[in-house]
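Colleague: I would like to learn how to read the pockets of a model. Can we go through them in turn?

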Amino acid sequence: MKTIIRALHEDDYQQVIELGNLVHGNGYLDLPSLVKMQALSINNGISANFVAESAGQIVGFRLTYAAGMWDVDKWCSPTLWPCDVCKMCYFKCNTVAETLRGQGIGKKLLLASVSAAKAQGAQAGVSHLWQQSPNNSAVGYFSSAGGKLIKYHPKRWNNIPDQPDYLCVLCGLDCQCTACEMVLVFDEL
């Protein structure tokens, strides 16, 4: 079946929320958080959020905050970044349905976001990759796209204020998962 990569639209929100919660755990996404993420993705009239669609169903998505539109928090290491904070986009989330993993959909979604972020004026992007993802696939696909590990953040998703109802698919309420802070420099792609 053919998979199409296209910009995220409001009509996609419910399917994106359902897929995100299925893959990452209940409470990972809800409508208010997704609406906010969509607003943070837009700069210069360009959105950096994309979905993968197959047979009318959302089978993957990439959420990316535009450079200059997001807040650097305690989990970020800007002194280790290759450019100024205002030139860094934030790769928030990349999700692909379990049955379609390993087919390059995640990388296509990432490259679509990179293209949009470059058009917005970004020079690089940072992300916190889920080290405990199945077969460490999150770190693997980001590394294969050119991402470089700069720091480990244990317990990154434990008791986070912006997702108080998050229930990790591996750990439950007391998430012990590690985030791998990784950077992708666009001119090195």
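**Reading the pockets**

Modeller: This model is predicted. Start with which element gives most to a lining: for the largest pocket, that is E6, with 6 residues.

Colleague: How are the lining residues of the largest pocket divided by class?

Modeller: There are 21 nonpolar, 14 polar and 6 charged residues in that lining.

Colleague: How much space lies in the largest pocket?

Modeller: The figure is about 850 Å³. The lining has 41 residues, and those closest to the centre of the pocket are His24, Asn94, Ser133, Ser137 and Ala138.

Colleague: Which helices and strands each supply at least two residues of that lining?

Modeller: The helices are H1 (13–24), H3 (105–120) and H4 (137–144). The strands are E6 (88–96) and E7 (124–130).

Colleague: What volume does the second largest pocket have?

Modeller: Its volume is about 580 Å³. Here 21 residues form the lining, and Lys36, Tyr65, Asp73, Lys92 and Asp162 are the closest to the centre.

Colleague: Which elements give two or more residues to the lining of the second largest pocket?

Modeller: Helix H2 (31–40) and E6 do. The largest share, 4 residues, is from H2.

Methods: Residues numbered from 1 in each chain as written. Predicted model: local features only at pLDDT ≥ 70, side-chain atom pairs only at ≥ 80, totals over all residues. Heavy atoms only, no water. 1 Å grid on protein atoms, 1.4 Å probe; cavity = no way out; pocket = protein on both sides within 12 Å on 5 of 7 lines; lining within 4 Å. Points joined across faces, edges and corners; volume = space filled by probe spheres on them. Nonpolar A, V, L, I, M, F, W, Y, C, P; charged D, E, K, R; others polar.
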